[in-house]
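The questions and answers below walk through one protein model for a reader who has not seen it before. Please look at the sequence and the structure first.

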Amino acid sequence: MPPFRILQISDTHLSPRTEHFRLNNDLMREPLRQCDHDLIVHTGDITLDGVRYEEDHAYCRDFFGQFPKQVWFIPGNHDVGDNPALSKPEQMNGSAINLGRLERYRRFFGPDRWSFDTPAWRVIAINSMLVGSGLDEEQAQFDWMDQQLASAESRYIALFTHQPLFIDEPEPTERTYWTVDPSGGRRFRSLVEDSRLRLIASGHLHQQRSRRYGGIALEWGPSVAFTTREALVPEMGGSRQVGHAEHTLHDDGRIETRVLHIPGSVTSYLDDMIEEVYPTH
């Protein structure tokens, strides 16, 4: 059988209230219309500020609804809210995730976790913002993930998440803004130690980076919208560029990833426009 090809887009940060980031997203329309990938996955931060503004959800739903192929979504912190332990309401959209915000996301974009099977692969997508939230949905997602692993049989596993599970290795377990809350480490351990896991693909960091942890490819997808300077996001070995990624999943468990640049796109920096984009941060 031919390999299974996934187009990953991430961190589009669209809103009807600003023209910022619109150029790159508009230029992405044609590649999305023409793509022949088997699956299109959006790894979160679909909206600029869906936490505070429902109109951002509506705008993004309509934007992605115009394409002939379905886009499968998972939420980011700009869509459903941040980890309560790190949330700072006075900064950007730093309100904590809650059930109301989660239900609103689902109303516009569907399930916040899902799986997709091929004969050789199980693709699992999770809502990383639930980890450390204390919501009942956090435990429900872990139970669901255990079920996904138990029923995957001999399929290889590819995981999609907004935040990386970790930077280079599962330890240390310090809580930071950049990765999934370390309180989930014990529950994720069985996944990370599963020899079937071959890919963890994430967004969030607005950097593209390819690393390995054992037999797992750690792929950070770039943002479509913008990148950041070191003053906002520390140096972690990623390339600060805009674009999207293609993951090719082979039946023998091999992963090939390449970065795709959108012709005519611009590399804008959030710190150049933060007061305009988040005037009440």
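**Strands, a helix and charged pairs**

Gln 8 has its place in strand S1; strands (E, at least two residues) and helices (H or I, at least four) are DSSP runs numbered from the N terminus. This is a predicted model, in which local features need pLDDT of at least 70 and side-chain atom pairs count only at pLDDT 80 or more, while totals for chains, interfaces and linings use all residues. Residues are numbered from 1 along each chain as its sequence is written, and side-chain values use heavy atoms, with hydrogens and water left out.

Q: What is the relative accessible area of Gln 8?
A: Buried means under 20% relative accessible area, exposed over 50% and partly exposed in between, with a 1.4 Å probe and protein chains only. Gln 8 counts as buried, and its relative accessible area is 1%.

Q: Which side chain does the side chain of Gln 8 join in a polar contact?
A: A polar contact is a pair of N or O atoms within 3.5 Å; within protein, one must be able to donate a hydrogen and the other to accept it, and residues adjacent in sequence count only if both atoms are side-chain atoms. Contact in general means heavy atoms within 4.5 Å, and leaving aside neighbours within four places in sequence, the contacts of Gln 8 include Val 41, Phe 160 and His 247. The polar contact of Gln 8, at 3.0 Å, is with the side chain of Thr 43.

Q: Which strands stand at the edges of the open sheet of 5 strands?
A: Two strands pair if DSSP finds at least two bridges between them. The order is S3-S2-S1-S10-S11, with mixed pairing. An edge strand has a single partner strand, so one side of it is left without a neighbour in the sheet; these are S3 and S11.

Q: Over how many bridges do S1 and S10 pair?
A: Arg 5 stands opposite Thr 248 in S10. S1 and S10 pair in the antiparallel sense, and the number of bridges is 5.

Q: How many residues apart in sequence are the parts that Glu 246 and Arg 5 tie together?
A: A salt bridge is a side-chain nitrogen of Lys or Arg within 4 Å of a carboxyl oxygen of Asp or Glu. Glu 246 and Arg 5 form one, with their closest N and O atoms 2.9 Å apart. Glu 246 lies in S10 (residues 244–249) and Arg 5 in S1 (residues 4–9), so the separation of the parts they tie together is 241 residues.

Q: Is Glu 19 buried or exposed?
A: The side chains of Glu 19 and Arg 22 meet in a salt bridge of 3.4 Å, N to O. Arg 22 counts as buried at 12% relative accessibility. Glu 19, at 60%, counts as exposed.

Q: What arc do the buried residues of H5 cover around the axis?
A: In helix H5 (residues 99–109), Leu 102, Arg 104, Tyr 105, Phe 108 and Phe 109 are buried. They lie on the same side of H5, because the arc they cover is only 160°. That arc is taken from the directions from the helix axis to the C-beta atoms.

Q: Which residue follows H5?
A: At the start of H5, a side-chain oxygen of Asn 98 reaches to within 3.1 Å of the backbone nitrogen of Gly 100. After H5 comes a residue whose phi is positive, near 90°: Gly 110.
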